[in-house]
Amino acid sequence: MSDLGSGDEGSSSQKYHQGMEQGSSEYDPGQQGQVEQELATKMLQIQSKRFYLDVKQNRRGRFIKVAEIGADGRRSQIFLALSTAAEFRDHLSAFSDFYSSLGPPNPDNVPEDGKLKSEMMIKDNRRYYLDLKENSRGRFLRVSQTITRGGPRSQVAIPAQGMIEFRDALTDLLDEFSTDEHAYKPDLPEGRHMHVDNKNFYFDIGQNNRGVYMRISEVKTNFRTAITVPEKSWPRFRDILADYCDKIKQQPSTGGGAAGASNVGGGGISSDQPHPL
């Protein structure tokens with residue numbers, strides 16, 4: 001039983017791991033320019049295998065990395081968006097119920113392809129194949145992940161006796177981290193730039209574990225300062241600026257004020273190009 005599913009893993013998991021390091025996955029934290037943060041991790045020992053469930057976060061949002069370490073040290077992993085992880089958790093319950101309804105393994109009555117029950121999940125450009133299988137070493141759930149546009153394939157194999165334990169660990173992580181998944185927006189606006197006199201102003205949108213924010217930077221030669229405005233404050237921030245603009249417009253114009261207004265007005269917002277800072 002210690003080698004459950006080993007016949008289905010082979011070199012594909014190694015190729016997938018290499019592909020993930022090269023940035024082939026949508027949720028891959030190794031993509032260039034991405035900053036990854038680990039939020040939580042759980043380790044499960046199921047028979048001779050260890051499984052690590054890591055909740056991670058990058059600029060695209062939160063996801064769960066499931067890594068399997070076999071008795072021989074072989075490593076394979078799959079990546080799940082939180083919504084996909086929730087669907088997978090529900091399938092684990094159904095597979096576990098089906099497994100419980102089965103009688104003892106019968107070596108003389110093993111399905112030709114070894115499959116006892118199968119399901120498929122689709123998330124964006126990813127497909128996940130769930131197969132409860134049986135071979136001479138026992139029963140296990142094989143979870144395979146593919147990318148529709150082509151690319152490496154990955155899979156992990158969970159011993160059937162450990163599906164409930166795996167489901168419970170996944171549920172704990174989802175209960176803690178999936179409630180505010182909607183707060184993490186995968187596509188944030190690009191930065192914008194405005195030049196006024198000898199100053200440059202940069203407007204950058206980012207996000208962290210507290211939500212989305214705008215960073216406004218003022219840059220001059222040998223000088224830089226910045227403020228950060230949380231997304232929830234943007235409407236009020238905008239209203240205050242608009243109020244000041246209206247009040248300035250209502251005041252009688254003077255020579256100096258007109259000249260100042262002309263200079264400020266001369267600074268336009270450039271086409272939406274991210275700044276190099």
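User: What share of the contacts in the chain with a separation of 6 or more comes from residues 24 or more positions apart?
Analyst: This is a predicted model, where local features need pLDDT of at least 70 and side-chain atom pairs pLDDT 80 or more, while totals for chains, interfaces and linings use all residues. Residues are numbered from 1 along each chain as its sequence is written, and side-chain values use heavy atoms, without hydrogens and water. Contact means heavy atoms within 4.5 Å. For residues 24 or more positions apart, the share is 49%.

User: How many helices and strands are there in the chain?
Analyst: Both are DSSP runs numbered from the N terminus: helices are H or I, at least four residues, and strands E, at least two. The chain has five helices and 12 strands.

User: How are H2 and H3 oriented to each other?
Analyst: Helix H2 spans residues 82–101 and helix H3 residues 163–177. Their axes (lines fitted to C-alpha atoms over the stretch in contact, angles from 0 to 180 degrees between N-to-C directions) come within 9 Å and cross at roughly 155 degrees. Angles under 35 degrees count as roughly parallel, 65 to 115 as roughly perpendicular, over 145 as roughly antiparallel and the rest as oblique. H2 and H3 are therefore roughly antiparallel.

User: Which residues of H3 make the contact with H2?
Analyst: On the H2 side, the contact includes Leu82, Phe88, Leu92, Phe95 and Tyr99. The residues of this contact divide into 13 nonpolar, three polar and two charged. From H3 come Met163, Ile164, Phe166, Arg167, Leu170, Thr171, Leu174 and Phe177.

User: Is Phe79 buried or exposed?
Analyst: Phe79 sits in strand S4, residues 75–81. Its C-alpha is 9.9 Å from that of Leu53, 26 residues away in sequence. Buried means under 20% relative accessible area, exposed over 50%, partly exposed in between (1.4 Å probe, protein chains only). At 2% relative accessibility, Phe79 is therefore buried.

User: Which side chain does a polar contact of 3.1 Å join to that of Lys123?
Analyst: Lys123 belongs to strand S5, residues 115–123, and is partly exposed at 23% relative accessibility. In space, its C-alpha lies 6.8 Å from that of Thr84, across 39 residues of sequence. A polar contact is an N or O pair within 3.5 Å; within protein, one must be able to donate a hydrogen and the other to accept it, and sequence neighbours count only if both atoms are side-chain atoms. The partner at 3.1 Å is Ser83.

User: What is the phi of Gln47?
Analyst: Gln47 lies in the loop between strands S1 (37–46) and S2 (49–58). At 34% relative accessibility, Gln47 is partly exposed. Gln47 is not a glycine, yet its phi is positive, about 55 degrees.

Note on methods
Nonpolar A, V, L, I, M, F, W, Y, C, P; charged D, E, K, R; others polar.
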